[in-house]
Amino acid sequence: MSYLLDTNIVSFVIKDNIKIRQKLQSLRFQRVKIYISCITYFEVKRGFLAVDAPKQRERFNQLYQDYEIIFLDDLAILEKAAEIHANLRLRGVPIQTEDILIAATAMIKGFTVVSNDSDFLRIEGLSLENWTE
């Protein structure tokens with residue numbers, strides 16, 4: 001099993017959440033693959049441009065070097081994202097585009113999304129875990 005960390009989980013790591021850090025260390029010891037989406041990278045970086053947080057910025061710079069960043073370089077991801085968006089809109093339960101792209105990436109790559117965001121529960125067929133519970 002491989003994991004794709006959502007932005008809120010990366011934020012927990014940056015804030016040095018012990019529970020999340022221990023889970024990541026345990027999985028690393030087991031040689032489980034853990035990834036970060038380029039969307040998460042974008043969301044975190046734009047946040048740092050809006051505030052002065054040098055310690056958190058340094059933690060993120062270290063973190064993203066430890067995990068492979070997955071890019072939107074596969075048309076299948078965009079096709080899946082469009083499908084998810086349409087499905088959610090037709091059901092009247094839309095979510096942020098960034099979350100849709102993260103979910104689509106995970107579904108196409110066969111990853112489990114790790115998130116504390118209940119919006120992901122709306123996406124049918126998504127493998128999802130919440131390590132904060």
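Reader: Which does Thr40 count as, buried or exposed?
Author: Buried means under 20% relative accessible area, exposed over 50% and partly exposed in between (1.4 Å probe, protein chains only). Thr40 has 0% relative accessibility, so Thr40 counts as buried.

Reader: What kind of model is this?
Author: Residues are numbered from 1 along each chain as its sequence is written, and side-chain values use heavy atoms, with hydrogens and water left out. Local features need pLDDT of at least 70, side-chain atom pairs count only at pLDDT 80 or more, and totals for chains, interfaces and linings use all residues, since the model is predicted.

Reader: Which residues does Thr40 touch, not counting residues up to four places away in sequence?
Author: Thr40 lies in helix H3; helices (H or I, at least four residues) and strands (E, at least two) are DSSP runs, numbered from the N terminus. Contact means heavy atoms within 4.5 Å. With sequence neighbours up to four places away left out, the residues touched by Thr40 are Leu5, Asp6, Thr7, Val10 and Ile102.

Reader: What is the relative accessibility of Glu43?
Author: Glu43 is also part of helix H3. Its contacts, apart from neighbours within four places in sequence, are Thr7, Gln96, Glu98 and Ile102. Glu43 counts as buried because its relative accessibility is 12%.

Reader: How are helices H3 and H4 oriented to each other?
Author: Axes are lines fitted to C-alpha atoms, for helices over the stretch in contact, and angles run from 0 to 180 degrees between N-to-C directions. The axes of H3 (residues 38-50) and H4 (residues 54-66) come within 11 Å and cross at roughly 160°. Angles over 145 degrees count as roughly antiparallel, under 35 as roughly parallel, 65 to 115 as roughly perpendicular and the rest as oblique. Therefore H3 and H4 are roughly antiparallel.

Reader: How many residues in the contact of H3 with H4 are charged?
Author: From H3, Tyr41, Val44, Lys45 and Phe48 meet Gln56, Arg57, Phe60, Asn61 and Tyr64 of H4. Ala, Val, Leu, Ile, Met, Phe, Trp, Tyr, Cys and Pro count as nonpolar, Asp, Glu, Lys and Arg as charged, and the others, Gly among them, as polar. The contact has 5 nonpolar and 2 polar residues, and the charged ones number 2.
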